[in-house]
Amino acid sequence: MQTPNHAHPHASGPDSSTVSVHGTDSHAEVAPGDIAVGVVIGRASEYFDFFVYGIASALVFPSVFFPHLGKLEGTLWSFAIFALAFISRPFGTVLFMWIQRRWDRSTKLTVALFLLGTCTAGIAFLPGFAKIGALSLVLLSVFRLGQGIALGGSWDGLPSLLALNAPKERRGWYAMLGQLGAPVGFIIAAALFAYLSTALSRADFLDWGWRYPFFAAFALNVVALFARLRLVVTHEYERELGEQQLEPTPVLELFSAKGRHVVIGAFAALASYALFHIVTIFPLSWIVLYSDQSVTQFLVVQIVGATLAAGAVVASGWIADKFGRPRTLAALAAAIAMFSGFAPTLLGSGEVGQDVFILVGFVLLGLSYGQAAGSVTANFGAKYRYTGAALTSDLAWLIGAAFAPLVALGLCAHFGLAFVGVYLLSGAVCTMVALGVNRALKLRS
């Protein structure tokens, strides 16, 4: 990867944001397009790892790690361990912010790389319950907690830098670039599991086939994180991050000064985060437990849905730039609320209804998730934006998505599919309330 060498967007002159400066000019800076490359690389690798574990939680882990339980109970326990990474991620963010303050950004990312690689590879080599008993569950939980801590430590500040350097009239467009990593990561992960489940017998898939996606995730994360490390520690990026004050601040100081904005930011994105696992991970478990539809066939439908979601993410950038991000998020929260009314009927009406649920749900997810990240991070100001954006994202995942598969499956299995709609509706209401509170605070200030 070539070291970016562009004029600073805030330099004098009408076209200074796009003019290249050659040679060894000490004021050479980076352009939004260069920052976007780092954002896309980082997010795509994270989401691939994310979905490899998520899909395995629904298709593999109940049989490999919970064979002593019924299928439903095993899946619920699998989803409980799945949630551990979201619980540990904010702690990872706080820990690695301290590491960056104590040492530097490159040390922080290197340690995060080592921890993430170790945990992902550990899962790939982990024997099942049949071989080492309850120790397998303990180790799986430890590795999952470690993944969450490492992902918290992988925050590099590039999304915030991109937002600050993007042209004002195209902020929605640049905001959606990192979000493209979600559908891309899901497509690759789902395609890999679909291929392995088709090419291998059920016994071979559960014995060793499921481990290959974790090997691939390990390799991809190593390459991607080293690429990001090479990018963010260059002189141009270090100076740009410093000039924008994108450096860690103590968490207690952040919450003392901007705590309400952290909470508002987390809830403002909740409609999208609630939908996230309801169309990706939860339906897989429902198909395995309560449907005659082929898992491979269903994964193919989800891959088509994720492709539509990728297009919707791109469209969200244009929509947000035309109508504004708060209006876009509010309108899509209302759309998700309406979708919540049809979701139970679609999921309970056979293959065609289930497929329609997936395709429509993915489109709504792409449109909303494309603008969900950092929707109100401007409230933090320069000093608190770096740490505030990271913790806002962590809390949004924790509140909206961490327990979605567990809660949705548990409630629907015992009380009916209507609770899928209730879960989605609650997320949509939270988003609209948070956006309303944010608007009222701005009018008062």
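Reply: Gladly! Let's begin with a term: a cavity is a set of grid points where a 1.4 Å probe fits but cannot get out. Keep in mind that this is a predicted model.

Me: How many cavities of 30 Å³ or more are found, and what is the volume of the largest cavity?
Reply: The search of the whole structure gives six cavities of 30 Å³ or more. The largest cavity has a volume of about 80 Å³.

Me: Which residues line the largest cavity?
Reply: Among them are Phe51, Phe186, Phe276, Thr280, Val313 and Tyr369. Helices H10 (181-199), H17 (295-323) and H19 (350-369) each give two or more residues to this lining. The largest share, four residues, comes from H19.

Me: Why does Ala112 count as buried?
Reply: Buried means under 20% relative accessible area. Ala112 has 1% relative accessibility, so Ala112 counts as buried. Ala112 sits in helix H5 (residues 105-125). Leaving aside neighbours within four places in sequence, Ala112 is in contact with Phe96, Ala150, Gly153 and Ser154.

Me: What makes Arg211 a residue that is buried yet has no salt bridge?
Reply: A salt bridge needs a side-chain nitrogen of Lys or Arg within 4 Å of a carboxyl oxygen of Asp or Glu. For Arg211, the nearest side chain of opposite charge, Asp207, is 5.6 Å away, so there is no salt bridge.

Me: What does the side chain of Arg211 reach at 3.3 Å?
Reply: The backbone oxygen of Asp207. A polar contact has a limit of 3.5 Å, and 3.3 Å is within that limit. Arg211 itself lies in helix H12 (residues 211-232).

Terms used. Residues numbered from 1 in each chain as written. Predicted model: local features only at pLDDT ≥ 70, side-chain atom pairs only at ≥ 80, totals over all residues. Heavy atoms only, no water. Buried < 20%, exposed > 50% of the residue type's maximum accessible area, 1.4 Å probe, protein only. Lys, Arg positive; Asp, Glu negative; His and termini not counted. Polar contact = N/O pair within 3.5 Å; in protein donor to acceptor, adjacent residues only side chain to side chain. 1 Å grid on protein atoms, 1.4 Å probe; cavity = no way out; pocket = protein on both sides within 12 Å on 5 of 7 lines; lining within 4 Å. Points joined across faces, edges and corners; volume = space filled by probe spheres on them. Contact = heavy atoms within 4.5 Å.
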